[in-house]
Amino acid sequence: MAGTISLSEWQQSVKRLGAGEFRRRLRLNLEAMRLELVSQADRNAKASMRTRTSRLRGSIRSDVLVDGKGFKVTLQAGGRDAKGPISYAGIQEFGGTVRAKAGRALRIPLSPALTGAGVDRFVGEKLRDTGIPWFVFKARSGAAFLARNDDTLPDGRPRAWYKLTKSTQIKRKLFLGRAVDSVLAKSDPVLRSLLAVSLQGEGI
């Protein structure tokens with residue numbers, strides 16, 4: 001992806017190498033671009049999201065596709081893995097509001113519930129399966145919290161581990177979009193004109 005050549009130089013390369021060899025070499029360049037897209041997107045995701053399972057990062061992938069219109073490089077996240085669907089790629093990429101299902105609440109981890117890395121120590125688990133005695137209490141403000149029977153403040157009041165809410169706002173990360181911008185900015189302008197880069201994924 002280093003260096004810049006003109007359109008006429010590209011045309012001369014096609015003529016000198018032959019269409020078949022030129023497409024082969026072009027495919028090699030696109031494969032290098034594909035690997036860099038995944039690497040950059042992974043770095044973006046790691047820097048912008050606190051994670052315990054790394055399932056979303058593990059779902060990032062890229063492909064080089066050829067159709068009647070030319071080459072297309074896809075950058076994707078989400079889908080499914082061995083543990084099930086990864087349906088939050090879109091909300092992490094573009095941001096938005098996450099709402100609880102009817103009759104339920106979202107749990108927002110507070111400092112006691114966070115690991116040293118700043119992520120929910122019970123992420124992906126149902127709290128009733130942890131064997132810990134949990135209970136709900138309300139503050140004077142009316143806000144609802146989740147606490148443990150075996151953990152209280154020095155004055156005997158319950159220590160809040162989670163805040164319970166009906167919805168929460170997720171900030172956009174653009175971990176895929178920023179990777180595309182970064183990689184394309186370093187690529188040859190003529191190569192960019194030959195490509196269609198698309199973002200794909202569950203919820204995107």
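This is a predicted model: local features need pLDDT of at least 70, side-chain atom pairs count only at pLDDT 80 or more; totals for chains, interfaces and linings use all residues.
**Entry 1: Ser-59**

Next I asked where Ser-59 is placed. I found Ser-59 in the loop between α3 (55–58) and β1 (61–67).

Then I wondered: is Ser-59 buried or exposed? Its relative accessible area is 7%, and buried means under 20%, so I noted Ser-59 as buried. I also looked up what the side chain of Ser-59 reaches.

**Entry 2: a sheet**

I moved on to a sheet and wrote down its strand order. Four strands make an open, antiparallel sheet, running β6-β9-β8-β7. I marked β6 (106–109) and β7 (134–138) as the edge strands, since each of these pairs on one side only. From one strand to the next, I read an average twist of 40 degrees.

Strands β8 (residues 144–152) and β9 (residues 158–165) pair in the antiparallel sense, over five bridges. Which residue in β9 is the bridge partner of Phe-145? I found Lys-163 there.

**Entry 3: the whole protein**

Last, I stepped back to the whole protein. I listed six helices and eleven strands. Of the 204 residues, 33% count as buried. Among contacts between residues at least 6 apart in sequence, 62% join residues at least 24 apart. The protein exposes about 12,400 Å², and I noted that carbon and sulfur atoms supply 51% of that.

Technical notes: Residues are numbered from 1 along each chain as its sequence is written. Side-chain values use heavy atoms; hydrogens and water are left out. Helices (H or I, at least four residues) and strands (E, at least two) are DSSP runs, numbered from the N terminus. Buried means under 20% relative accessible area, exposed over 50%, partly exposed in between (1.4 Å probe, protein chains only). A polar contact is a pair of N or O atoms within 3.5 Å; within protein, one must be able to donate a hydrogen and the other to accept it, and residues adjacent in sequence count only if both atoms are side-chain atoms. Two strands pair if DSSP finds at least two bridges between them. Axes are lines fitted to C-alpha atoms, for helices over the stretch in contact, and angles run from 0 to 180 degrees between N-to-C directions. Contact means heavy atoms within 4.5 Å. Accessible areas come from the Shrake-Rupley method with a 1.4 Å probe; for residues, only the protein chains shown count as cover.
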